[in-house]
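This briefing walks through a single protein chain for a reader who is new to looking at structures. Please keep the sequence and the three-dimensional view at hand while reading the points below.

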Amino acid sequence: MRAVTIKEFGGPEVLTVEDVARPEPLPTEVLVRVHAAGVNPVDWKTRLGHGMAGLQTFPLIVGWDVSGVVEEAGFGVTTLRPGDEVYGMPWFPRAAGGYAEYVTAPARQWARKPATVDHVHAAAVPLAALTAWQALVDTAQVRAGQRVLITAAAGGVGHFAVQFARHLGARVIATASAPRHPWLKELGAEQTIDYTATRVEDAAADVDVVIDLVGDASPRTLKVLRPGGLLVGVPGGVSPELAEAGAAAGVRTTPFLVEPDGPALATIAGLIDAGQVAVEVEETFPLERAAAAHLRGEAGRTRGKLVLTT
């Protein structure tokens with residue numbers, strides 16, 4: 001099968017398409033024929049030797065977002081069968097090999113693909129949407145009426161977080177550059193802040209939950225939180241200095257890392273099929289142009305997601 005492999009950490013040029021052995025499913029696993037693979041910041045951070053690099057071995061096939069069709073089911077699999085359309089974020093943070101024509105993973109790390117979107121849009125969902133869902137629902141336990149501030153709201157995780165927070169009944173404050181504001185309001189943001197012109201702490205206050213998707217939260221960010229409020233640090237977690245400042249200010253801070261979650265993906269698929277959640281794909285690239293996709297993503301101005309097609 002064709003796969004995008006790297007043999008050393010480095011720039012986009014280390015991504016090369018090669019023919020490699022097709023994986024075989026173990027008991028309780030399924031073999032999925034990949035139709036599309038999402039591109040995420042963790043992909044290029046890992047390629048550079050950061051992100052999840054310390055957990056990987058060479059040669060490495062990067063990528064965790066997958067949408068495709070079950071080709072073969074291993075012994076013991078009862079939830080899926082060949083021909084089922086599925087999507088998932090298998091194995092994270094261990095290597096999943098998403099930038100390839102085939103992937104194997106435990107059956108229960110997958111869910112049936114949303115029926116109302118194609119594989120390209122489905123591949124844009126798992127890692128970003130699970131990050132947003134688990135941060136808001138499982139970690140912050142957001143409730144109706146709460147005020148939720150989401151930074152980098154126009155990105156992959158951010159545009160799902162805005163929609164999920166609104167679905168939960170929260171009042172959403174979103175940071176993004178000004179041209180993204182009308183779109184974010186369509187997604188459910190009540191207030192938008194242009195981070196290029198305004199400091200967040202000057203425009204927001206009495207916030208219950210901050211979902212920091214930039215990784216640059218500082219003690220100044222904590223000023224927007226009400227007493228007892230929570231900051232969830234997604235990329236890079238929470239520094240000891242920030243945790244100490246939070247404790248001194250009477251607010252809570254917590255690091256976060258997404259996990260594979262088939263049941264949550266099934267719930268998210270239901271929201272997409274019900275028309276309550278939209279999936280934004282800015283651009284697609286063939287597998288052979290994975291390096292170009294990384295360059296595009298690293299520029300940091302993506303609206304929604306980038307996707308590779310096989």
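A salt bridge is counted where a side-chain nitrogen of Lys or Arg lies within 4 Å of a carboxyl oxygen of Asp or Glu. The model discussed here is a predicted one, and by this rule the count in it comes to 17 salt bridges. Arg-199, Glu-201, Asp-202 and Arg-220 are linked with one another in a network of such bridges.

**Salt bridges between separate parts of the chain**

- Arg-2 forms a salt bridge with Glu-288, and the closest N and O atoms of this pair are 2.1 Å apart. Because Arg-2 lies in strand 1 (residues 2-6) and Glu-288 in the loop between strand 15 (281-286) and helix 9 (290-298), the pair ties together parts that are 286 residues apart in sequence. Glu-288 has a relative accessible area of 48%, and it is partly exposed.
- Asp-65 forms a salt bridge with Lys-305, with 3.0 Å between the closest N and O atoms. This pair also links distant parts of the chain, since Asp-65 is in strand 5 (residues 65-73) and Lys-305 is in strand 16 (residues 305-309), 240 residues apart. Asp-65 counts as buried at 0% relative accessibility, and Lys-305 is buried with a relative accessible area of 3%.
- Arg-226 forms a salt bridge with Asp-208, where the closest N and O atoms are 2.4 Å apart. Arg-226 lies in strand 13 (residues 225-233) and Asp-208 in strand 12 (residues 207-212), so the pair ties together parts that are 18 residues apart in sequence. Arg-226 is partly exposed, with a relative accessible area of 24%, whereas Asp-208 is buried, with a value of 13%.

**Strand pairing around strand 5**

- Strand 3 (residues 29-39) and strand 5 run antiparallel and are joined by eight bridges, and within this pairing Ala-36 has Ser-67 of strand 5 as its bridge partner.
- Strand 5 also pairs with strand 6 (residues 85-88), again in the antiparallel sense, over four bridges; here the partner of Ser-67 is Tyr-87 in strand 6.

- Helix 3 (residues 126-139) is mostly covered, with eleven of its 14 residues buried, and among them are Leu-130, Trp-133 and Leu-136. The helix is followed by Gln-141, whose phi is positive, near 50 degrees.
- The structure holds four aromatic pairs. In one of them, the rings of Trp-133 and Phe-164 have their centres 5.2 Å apart and their planes at 90 degrees, so the pair is edge-to-face. Since Trp-133 lies in helix 3 and Phe-164 in helix 4 (residues 156-167), the pair ties together parts that are 31 residues apart in sequence, and both Trp-133 and Phe-164 are buried.
- The rings of Phe-160 and Phe-164 have their centres 6.0 Å apart and their planes at 20 degrees, so this pair is stacked. Phe-160 and Phe-164 are four residues apart in helix 4, a separation of about one helical turn. An α-helix has 3.6 residues a turn, so residues three or four places apart point the same way.
- Trp-133, Phe-160 and Phe-164 form one aromatic cluster, and Phe-160 counts as buried at 0% relative accessibility.

**Charges over rings**

- The charged end of Arg-33 sits over the ring of Tyr-102, 5.5 Å from the ring's centre.
- Arg-303 lies over the face of Trp-183, at 4.1 Å from the ring centre.

Definitions and conventions:
Residues numbered from 1 in each chain as written. Predicted model: local features only at pLDDT ≥ 70, side-chain atom pairs only at ≥ 80, totals over all residues. Heavy atoms only, no water. Buried < 20%, exposed > 50% of the residue type's maximum accessible area, 1.4 Å probe, protein only. Helix = DSSP H or I, 4+ residues; strand = E, 2+ residues; numbered from the N terminus. Pairing = 2+ DSSP bridges. Phe/Tyr/Trp six-rings, centres within 6.5 Å; stacked < 30°, edge-to-face > 60°. Lys NZ or Arg CZ within 6 Å of the ring centre and 35° of its normal.
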